[in-house]
There are 2 protein chains.
Amino acid sequence: MQTSPVADRLACALDDLHPLFGDRLLTSDAAREHHGSGESHLPAQWPDAVIMVQSTEEVADVLRVAHRHGVPVIPFGAGSSLEGQIHAPHGGISIDLSRMDDIIAVNAEDMDCTVACGVTRQALNEHLRDTGLFFPVDLGAHASLGGMASTRASGTTTVRYGSMRDLVLGLTVVMSDGQIIRTGGRARKSSAGYDLTRLMIGSEGTLGIITELTLRLFGIPEAAQSAMCSFASIEKATETVVAALQCGLCLNRIELADTVQMRAINSYSATDLPEHPTLWIELTGSGAQVAHDMEVLRDLAEGAIRFDTAGTADEATRLWRTRHDALYAARALRPGIKGISTDVCVPVSQLPDCISGIMDVIATTSIIAPLIGHVGDGNFHLVLLYDPADPDEVREAQLINSSLVKMAIAMGGTCTGEHGVGLGKKAYLDAEHGPALDVMRRIKCALDPAGIMNPGKIFDL
Amino acid sequence: MQTSPVADRLACALDDLHPLFGDRLLTSDAAREHHGSGESHLPAQWPDAVIMVQSTEEVADVLRVAHRHGVPVIPFGAGSSLEGQIHAPHGGISIDLSRMDDIIAVNAEDMDCTVACGVTRQALNEHLRDTGLFFPVDLGAHASLGGMASTRASGTTTVRYGSMRDLVLGLTVVMSDGQIIRTGGRARKSSAGYDLTRLMIGSEGTLGIITELTLRLFGIPEAAQSAMCSFASIEKATETVVAALQCGLCLNRIELADTVQMRAINSYSATDLPEHPTLWIELTGSGAQVAHDMEVLRDLAEGAIRFDTAGTADEATRLWRTRHDALYAARALRPGIKGISTDVCVPVSQLPDCISGIMDVIATTSIIAPLIGHVGDGNFHLVLLYDPADPDEVREAQLINSSLVKMAIAMGGTCTGEHGVGLGKKAYLDAEHGPALDVMRRIKCALDPAGIMNPGKIFDL
């Protein structure tokens, strides 16, 4: 059990909220634990209470009360964030948005839709199945679209379609005092004032709570073809990626694994893949374009040790399953160990140096750290398989993580490509942003003067 | 001659600045007039002085002094903005950034570059000519890239590549007190904190002055093919656009003109084009893809009165010249009259209703108003050819402009797709944004507490 530092104010707030929410206001240990841990490697930090909201107006109700009493609020979508975004380091109220799962409108002609924040990308794409349209942001987790916007999520298809930053047209947001605003709209572009949509995306609930999103949709391409190719080195693989990007091939996905990760996959999936740096590539477009570009790709990958294409849809599914299972395969290298899935992004040309640099650091430790990445964006993850009960391993894992981040920033990159800052990456923001971090703080203070919006996340004040 | 409302403070500021800038601090009527009018239809409003800066540090010098004395500053790029962005309604100092024209770095492997804010898109593409890369944002004006970012500019290729919002990776910005910050970086994506890059883009110099930009570049496509097709109605043309977008054709440009505009083109260019709603379309990609998609497009446009493709590069150039000359052709309908080029953006499916709605309004007036637009984005312009000396025509032009904006907003669209707000569209922001406008004001006050950054633009405080 944790003791809240805001016990009195909290009690007053819960007194005000109880009549409004009844048994949707939860204070059981089970509810608090579930809402204070999530998928992160960080130790759980429980909220004092959880409220299961069902509408934007209810979110506004909670915020008005929380604002009046100065009680922290933490938005909770699907609980899949990796850097402690849903943790409650200052206690307070976790606002569970998962019941806000209405698909409000689909405008097939304009290829857009409006959804409540608790809708998952899987549920949206299931709903869209008969329209010929889909929403492309494709990440590993079973995440809510509101959470994906809040952490500026991306994934395997970002090389083609962009990330949440690029694909959200507008938002409904509840501000810290309960005011409901709408940002953006349904127009494809606008020059009318400040881009509040993009300001809210990636702000991790520290400026407002996203309750509805208007999203761009895309037509499902006519054809798809997949390939998997192995290289003698990361450099050779990266050269192929750079060439494919420069040629403007119709890349839908281009993913990289290192030798350690390939060993993990062979062991986990009982496959016999070459244990060398490997690219999974999917091309999508018209049949003619895909066929043409696959031939170009084969030429560009002339340095590959092996280049296999999937001849059938079943073969493509099998090929991609090895990629999708990569995290489980990685974790299976040390059963019972979850590890940190860390996440940096650098200019693509810097990948070989960044990866070989961090491999040198890893080699000085006892940590196993398979690598997997969205290499078309220069984004990669290391799964650091350490035992949190072993102080030496903790220290080594922290050394690897901080070394990786410092290298990435020094190469013009970022401490997180897609997982967000939360609690886990806060220490690196000053190195990455310098004085721009003060500008962020000034915006935070202007929009959340009471400091109740997911406090302690991204940066301290 | 205008009298500055901040005469004393201004005199002190100029005393401080003169030793730093010498004869690059201009107070001649010619310099002030040039920097206070630009391409806008609005009456000129001169700054009190103009400083020709040469570096980010010099911009910081000016801002430190202006901040100390509370003197307005107005950034000036190429002077091509259309809504009074460079006007000086409160006097002050125009900071002319056109001499900051260094192309600082081109990273061909990563397909990015860093330029100073005064570089024009034409100069950048000229510089890139031998790299096989280009920067795609393609607007009518000879604009600076800093100005294009400041107004969130787009243009004919936005349907393919996105706007300045999408293509800027990072910025150097001088804040109101002279602090220099760097936003974003060279990584393709990041989840590390607030998206200050996007906040600055479109803020029209009211939050800070953009002095350097890191931009995404693209490989020049292997093949291009152009077509021009005429339809019996705007509806038929729009249906073809929607279908082409849904099929994911390799559209690079898809532009629309109405009957009045086509008449203007025939008269100006001595052509014999059908005087019906017309699409100009360019497909780019691999040779096979372009050829395939052009056949699909021909099928989709089965309702067209006429469908011509350009067989040679020369024919394509001639075909697009009629589009490029459209504004001059429009103005030639009333020689000596410049007109307002107004600019709205709606969901593509709403274009027929929006256009027929505004045509009904135009029919009640004496104004000639040819229409041209980036129809793939739902963005179109009317050139309102009115005589500013005739009060009846002024009233009619204002009626058309405000009716158009109201319709666009009611249809889920925006009062400006790409020209920005400046002074000309301020009146509409409340209708478009509602309470979100207050959030913008709070950000403005937090980042520019002295209110010196391009005051009077976008909204009043």
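Two strands are treated as paired if DSSP finds at least two bridges between them; the strands (E, at least two residues) and helices (H or I, at least four) are themselves DSSP runs, numbered from the N terminus. All views show a predicted model, in which local features need pLDDT of at least 70 and side-chain atom pairs count only at pLDDT 80 or more, whereas totals for chains, interfaces and linings use all residues. Residue numbers start from 1 along each chain as its sequence is written, while chains are lettered from A and ligands numbered from 1 in the order in which they are written.

**The open four-stranded sheet of chain A, with strand order β1-β2-β4-β3.** Pairing within this sheet is mixed. Strands β1 (25–26) and β3 (73–76) of chain A form the edges, each pairing on one side only. Two bridges connect β1(A) with β2(A) in the antiparallel sense, and A:L25 is placed opposite A:I51 of β2(A). Strands β2 (residues 49–52) and β4 (residues 93–96) of chain A run parallel and are joined by four bridges. Within β4(A), A:I95 is the bridge partner of A:I51, and A:D96 is that of A:M52. In a regular strand, side chains alternate between the two faces of the sheet.

**Helix α3 of chain A against the sheet.** Helix α3 (residues 56–69) packs on the sheet and touches β2, β3 and β4 of chain A. The direction of α3 makes about 170° with that of β4(A); such angles run from 0 to 180 degrees between N-to-C directions, and axes are lines fitted to C-alpha atoms, for helices over the stretch in contact.

**The contact between domain 1 and domain 2 of chain A.** Chain A is assigned domain 1 (7–99), domain 2 (103–219), domain 3 (223–327) and domain 4 (329–425), with bounds taken from an automatic or database domain assignment. The C-alpha centres of domains 1 and 2 of chain A are 23 Å apart. Domain 1 of chain A contributes 18 residues to the contact and domain 2 of chain A contributes 22, where contact requires C-beta atoms, placed from the backbone, to lie within 7 Å. On the domain 1 side, α3 and β3 of chain A each supply at least two residues, and the largest share, six residues, comes from α3(A). This side comprises eight nonpolar, seven polar and three charged residues. Ala, Val, Leu, Ile, Met, Phe, Trp, Tyr, Cys and Pro count as nonpolar, Asp, Glu, Lys and Arg as charged, and the others, Gly among them, as polar.

**The side of chain B that touches chain A.** In this interface, 79 residues of chain B are in contact with 79 residues of chain A. Elements that each supply at least two residues of the chain B side include β9 (180–184), α9 (234–246) and α16 (429–433) of chain B. The most is given by α17(B), with eight residues. By class, the chain B side divides into 30 nonpolar, 32 polar and 17 charged residues.

**Helix α11 of chain A packed on helix α11 of chain B.** The two helices, each spanning residues 287–300, have axes 9 Å apart and an angle of about 175°. The residues involved are two nonpolar, four polar and no charged.

**A:S286 in the loop between β14 (278–285) and α11 of chain A.** A:S286 is buried, with 22 other C-beta atoms within 10 Å. The cut-offs are 20 or more other C-beta atoms within 10 Å for buried and 12 or fewer for exposed, with partly exposed in between; C-beta atoms are placed from the backbone. A:S286 and A:A223 are separated by 63 residues in sequence, yet by 5.4 Å from C-alpha to C-alpha. Not counting residues up to four places away in sequence, A:S286 touches A:E222, A:A223, B:Q289, B:H292 and B:D293.

**A:R152 and B:A270, two non-glycine residues with positive phi.** Most residues other than glycine have a negative phi. A:R152, with phi near 55°, is found in the loop between α5 (145–150) and α6 (158–161) of chain A. B:A270, with phi of about 50°, lies in the loop between α10 (259–269) and β14 (278–285) of chain B. A:R152 is buried, with 29 other C-beta atoms within 10 Å, whereas B:A270 counts as exposed, with 7 C-beta neighbours inside 10 Å.

Methods. Contact = placed C-beta atoms within 7 Å.
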